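Dear colleague,

Please find below the structure that I am handing over to you.

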Amino acid sequence: MKRETILVIGANGQIGTALLPRLQAIYGTRSVIAADLRRPDHEQGIFERMDATKADELADIVRRYRVTQIYHLAAILSAKGESDPIWAWNLNMATLLNVLEVARVHRIRKVFVPSSIAAFGDDAPKYETPQTAVLDPATVYGISKVAAENWSLYYHKRYGLDVRSLRYPGLISYQSMPGGGTTDYAVAIFHAAVQGKPYDCFLSENTMLPMMYMDDALRATLELMEAPENRIKVRTSYNLAGMSFTPAELTASIQTYFPAFNVRYKPDFRQAIADSWPKTIDDTVARRDWGWKPEFDLPHMTQEMITQLSTIYH
Ligand code: NAD
Ligand code: AKB
């Protein structure tokens with residue numbers, strides 16, 4: 001077992017729920033502290049209820065457990081953020097700055113702060129969006145991600161903090177439901193299909209977006225965090241690609257298992273958010289710097305999702 005104490009903030013969310021068992025396998029159950037505003041349905045190891053907007057609550061946990069690494073996953077995502085932009089900005093920024101400050105003061109060894117394809121906006125190239133494309137996000141969520149990328153770079157340059165980041169695409173997982181994003185349809189659609197229900201999709205059938213199966217996202221995260229410090233050349237956030245597909249292509253892939261599965265397209269306010277994002281991502285820099293390579297394509301991801309959800313529902 002590796003000797004580190006890992007704090008996961010926002011541990012009950014879509015990524016945290018899947019990441020916790022992986023971290024526990026690497027560092028030991030007693031060395032991984034899960035923290036969140038809300039208690040988990042099923043506790044998996046040590047849990048602390050904590051509001052990351054409160055710097056003193058965060059510092060108390062870091063001191064008590066002698067934390068050496070932080071994964072900061074608490075945030076308000078793209079669609080939910082648009083319902084109350086000032087609240088979303090305040091939460092995303094307060095939690096970020098508390099994490100960076102506590103890491104600086106307590107000399108935390110490594111910090112992970114995820115970014116998103118939402119950092120890109122209308123003026124970035126839509127296909128093979130490069131690492132250094134212009135960042136002109138259309139949502140408050142995206143604005144907070146661009147700010148977080150720049151704050152992370154600042155803490156690295158000014159204080160030498162080892163903060164690392166990935167611009168995740170939309171993540172697809174069976175372990176829990178996503179928390180209010182624009183790519184959530186790609187998880188909800190599987191739950192409907194496996195239960196034999198039709199699905200009303202909130203994006204139009206030809207809306208292509210970058211996506212990734214959770215297994216790939218977790219492996220990317222752990223590989224990035226394990227990479228030697230001199231291999232990490234990007235201190236804002238790395239582009240990361242898995243696959244890209246439209247709702248129509250995902251539906252067709254699911255229909256190879258459930259031919260009668262029916263999807264109706266009813267685009268809502270999330271369509272404009274999706275239209276502002278890239279369609280495919282160029283992640284050459286991550287491949288070059290620390291050896292990133294995705295494993296899951298659309299057919300493989302569809303097979304895994306249906307297999308896993310079938311055991312849950314039946
Ligand atoms: P999520 O919404 O599923 O989970 C976030 C968790 O943070 C929730 O459990 C929530 O209770 C908790 N939280 C909210 N406010 C908190 C606070 N003040 N203190 C403590 N906990 C708080 O999000 P996720 O999908 O797991 O995403 C994690 C991170 O990854 C976020 O930064 C998100 O922007 C980023 N990301 C996610 C995706 C994706 O598709 N899931 C894609 C790109 C980037
Ligand atoms: C969202 O849709 O908001 C997230 C993301 C891509 O950041 N899944």
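The notes below treat the two ligands in turn.

This is a predicted model, in which local features need pLDDT of at least 70 and side-chain atom pairs count only at pLDDT 80 or more, while totals for chains, interfaces and linings use all residues. Residues are numbered from 1 along each chain as its sequence is written, chains are lettered from A and ligands numbered from 1 in the order in which they are written, and side-chain values use heavy atoms, with hydrogens and water left out.

Ligand 1 is surrounded by 27 residues (a residue is near if one of its heavy atoms lies within 4 Å). The closest include Gln-14, Ala-52 and Lys-145. By class, 14 of the shell residues are nonpolar, nine polar and four charged (Tyr and Trp count as nonpolar, Gly as polar). The side chain of Asp-51 lies 2.9 Å from a nitrogen atom of ligand 1. Taken alone, ligand 1 exposes 830 Å², of which the protein buries 94% (Shrake-Rupley method, 1.4 Å probe).

The shell around ligand 2 has four nonpolar, six polar and no charged residues; among them are Tyr-141, Gly-181 and Trp-277. Oxygen atoms of ligand 2 lie 2.7 Å from a polar side-chain atom of Ser-116 and 2.6 Å from a backbone N or O atom of Thr-182. The protein buries 94% of the 250 Å² that ligand 2 exposes when taken alone.

Yours sincerely

Technical notes: Polar contact = N/O pair within 3.5 Å; in protein donor to acceptor, adjacent residues only side chain to side chain.
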